[in-house]
Amino acid sequence: MTIHVSTAIASHANRWSMETHHHLDYEVSIVLEGSAVMECLSSEYVMEKGAVVLIPPNVPHRFWTEDSVRFGVLQVSSIPQELVQRFYQLADPERPRLIYLSPLNREVYESLFRNWLKIISGPLEERDAVISTWIDLFLLTLMQHSRSEPQRMSISSAANYIRNQFNQEVRVTELARMSGLSVSAFRKEFTRVYHVSPKQYQQLHRLSEAKWLLRTSDEPILRIAEQLGFSGIHLFSAWFQQMEGTSPSKWRKEQQGEKRMGEPSERF
């Protein structure tokens, strides 16, 4: 029996609404951005960023939202019995179940999902085996990292999140909300622990990454700037000059010159 699969990253604008419907698929959907409401059996479930819903076959449900939302949607049917059993280790057989991923674990899941989209879009050898393996990986990831209630982010988890987001804008308001603190209280506690503000912490790690790329690679400086989240080489150069007191090209030349001087001579 061939596995049937439908998968996508689906974006919807403000005040989007879906009619009540049901299907034969096993559905796993995650909110990647924004928020939505799922309605099922006269109950409403608010889904914030990082929420995952598991919907069994033939359960009537609908989604709607006041704001824009982006879902990662996976729907499958005709799956092996062992995957059905795995699904119901997480899901309720009669109604949707909502679970939650922390920001770091959401990034892991989203990375898996994007790689899955690349793989499933091309021709596959042993198609059903590949699909079964990936579905099992998704479900095992959720089993390991999901929670039944939204988890407050610790200050150390916030720091990990910032380190992994060195090429993105740090939204302190969002980090404070996920930590259950006011913005001022979050900044104060973060500074107490790390002796720098969240923004400064990100900039230090961005600078460290910039130096590593400049010293150890031959990537063009424009490419390095893009990897670090800068929209152009001039913005990157001005930032690096401000942070380090010299231009990135001059710093690279000096560092790579020192590296060559320290390398052992060839022996004949």
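User: Is strand 2 mostly buried or exposed?
Analyst: This is a predicted model. In it, 7 of the 9 residues of strand 2 are buried, so the rest of the structure largely encloses that strand.

User: Which strands pair with strand 2?
Analyst: Strand 7, residues 69-77, pairs with strand 2 in the antiparallel sense, over 8 bridges. Strand 5, residues 51-55, also pairs with strand 2 in the antiparallel sense, over 4 bridges.

User: What stands opposite Gly34?
Analyst: Val69 in strand 7.

User: And what about Glu27, what stands opposite that one?
Analyst: Ile55, which belongs to strand 5.

User: New topic. How much space is in the largest pocket?
Analyst: About 510 Å³. The lining has 21 residues, and the closest to the centre are Glu33, Glu107, Tyr161, Gln165 and Gln168.

User: Which elements give two or more residues to that lining?
Analyst: Strand 2 (26-34), helix 2 (103-120), helix 4 (155-164) and helix 5 (172-179). Helix 2 gives the largest share, 5 residues.

User: How does the lining split by class?
Analyst: There are 10 charged, 6 nonpolar and 5 polar residues in the lining of the largest pocket.

User: Now Arg206. Where does it lie?
Analyst: In helix 7, residues 198-216.

User: Does it count as buried or exposed, and why?
Analyst: Arg206 counts as buried, because its relative accessibility is 10% and the cut-off for buried is under 20%.

User: What does Arg206 touch?
Analyst: Leaving out residues up to four places away in sequence, Arg206 touches Phe166, Asn167, Gln168, Leu228, Phe230 and Trp239.

Note on methods. Residues are numbered from 1 along each chain as its sequence is written. This is a predicted model: local features need pLDDT of at least 70, side-chain atom pairs count only at pLDDT 80 or more; totals for chains, interfaces and linings use all residues. Side-chain values use heavy atoms; hydrogens and water are left out. On a 1 Å grid over the protein atoms alone, a cavity is a set of points where a 1.4 Å probe fits but cannot get out, and a pocket is an open set with protein on both sides within 12 Å along at least five of seven lines; lining residues have an atom within 4 Å of a point. Grid points are joined across faces, edges and corners, and a volume is the space filled by probe spheres set on the points. Ala, Val, Leu, Ile, Met, Phe, Trp, Tyr, Cys and Pro count as nonpolar, Asp, Glu, Lys and Arg as charged, and the others, Gly among them, as polar. Buried means under 20% relative accessible area, exposed over 50%, partly exposed in between (1.4 Å probe, protein chains only). Contact means heavy atoms within 4.5 Å. Two strands pair if DSSP finds at least two bridges between them.
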